[in-house]
Amino acid sequence: DKTMVQELLDFKDKMDNIVNVCFKKNEKFSNSLKEAFEHFINQRTNKPAELIAKFVDGKLRAGNKEATEEELERLLDKIMVLFRFIHGKDVFEAFYKKDLAKRLLVGKSASVDAEKSMLSKLKQECGGGFTSKLEGMFKDMELSKDINVAFKQYMSNVRTSSPMELTVSILTMGYWPTYPVMEVTVPHAMVHFQNHFTRFYLGKHNGRKLQWQPTLGHCVLRADFPHGKKELQVSLFQALVLLYLMRAVKWHWKR
């Protein structure tokens, strides 16, 4: 399964070359090739849709150094050819939305231009209804940038001794995947910032409701190690465990 999509792309290139060179782009051969691909690619119900979505995620994720922007654009065009063959497009949309959410929330997109290019291709292929929620996710992230700038200015007028900084993404529930709501006990300093943000945001948007999603949180912790200072990029839950262990070690040492 890990190599299936790439193997399909290579196989499609090979078959296209045979039809173009050996049969001089004969229309009947071209149509037969399309029908054959559509038939065999859907033998595994929904699985190709999931794997294609995961393949796209791997190519659009930050850290992917395999291709230039031009090469990535050509690859996305080829992926769209496979996408046209699959029947489970709603399955693709569900997996794609989940992976896109991770890329946006953790800042792991390799290229905003590539993300929007893929979105444009999906919209052209399936219509605005298919991509409306995906486009809404991008709008939420853009609005969140402006909100965080205003919140930082708001906090500059608040007296606080905490060196912590808080960045919040405001997500419209109808656009994003459904996430479980969990009650988590966070440090007092974090609660302090959450309360300030709640007052700040609801003061500007009266009538709205904020619901914190700790499962989506991530933190950057600055730590002093024997060989120097390091920054640890961890999930909120990992950060809470590390902070708890740090306090436990200090308490044990003092005792």
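Lys24 is exposed, with a relative accessible area of 73%. Exposed here means over 50% relative accessible area, buried means under 20%, and partly exposed lies in between (1.4 Å probe, protein chains only). Lys24 sits in the loop between helix H1 (4–22) and helix H2 (27–41). Its phi is near 50 degrees, a positive value in a residue other than glycine. Most residues other than glycine have a negative phi.

The model is predicted: local features need pLDDT of at least 70, side-chain atom pairs count only at pLDDT 80 or more, and totals for chains, interfaces and linings use all residues. Residues are numbered from 1 along each chain as its sequence is written, and side-chain values use heavy atoms, with hydrogens and water left out.

The next loop joins H2 to helix H3 (47–60), and Asn46 lies in this loop. Phi of Asn46 is near 70 degrees, again positive in a residue other than glycine. Asn46 is partly exposed, at 38% relative accessible area. Asn42 is also found between H2 and H3. Asn42 is buried, with a relative accessible area of 18%. What does Asn42 touch, not counting residues up to four places away in sequence? Its partners are Phe85, Ile86 and His87. Contact means heavy atoms within 4.5 Å. Asn42 and Asp57 are 15 residues apart in sequence, and their C-alpha atoms are 21 Å apart in space.

Now the whole chain. The protein has nine helices and two strands. Helices (H or I, at least four residues) and strands (E, at least two) are DSSP runs, numbered from the N terminus. From the N terminus on, the order is α-α-α-α-α-α-α-α-β-β-α. The radius of gyration is 24 Å, well over the 18 Å that the globule rule gives for 255 residues, so the protein is more spread out than a compact globule. That radius is taken over C-alpha atoms, and the rule is 2.2 Å times the number of residues to the power 0.38. Along its principal axes the C-alpha trace spans about 80 × 50 × 30 Å. Of the 255 residues, 34% count as buried. Among contacts with a separation of 6 or more, 69% come from residues 24 or more positions apart.

Helix packing comes next. Two packed helices are described by the angle between their axes and the distance between the axes. Axes are lines fitted to C-alpha atoms, for helices over the stretch in contact, and angles run from 0 to 180 degrees between N-to-C directions.

Take helix H6 (residues 112–126) and helix H7 (residues 128–155). Their axes come within 8 Å and cross at roughly 160 degrees. H6 and H7 are therefore roughly antiparallel to each other. Angles over 145 degrees count as roughly antiparallel, under 35 as roughly parallel, 65 to 115 as roughly perpendicular and the rest as oblique. On the H6 side the contact includes Leu119, Leu122 and Cys126, and on the H7 side Phe130, Leu134 and Phe138. By class, the contact has six nonpolar, two polar and four charged residues. Ala, Val, Leu, Ile, Met, Phe, Trp, Tyr, Cys and Pro count as nonpolar, Asp, Glu, Lys and Arg as charged, and the others, Gly among them, as polar.

H7 also meets helix H5 (residues 89–106). The axes of H5 and H7 come within 10 Å and cross at roughly 5 degrees. H5 and H7 are therefore roughly parallel to each other. H5 contributes residues including Phe92, Tyr96 and Leu100, and H7 contributes residues including Met137 and Met141. This contact has eleven nonpolar, no polar and four charged residues.
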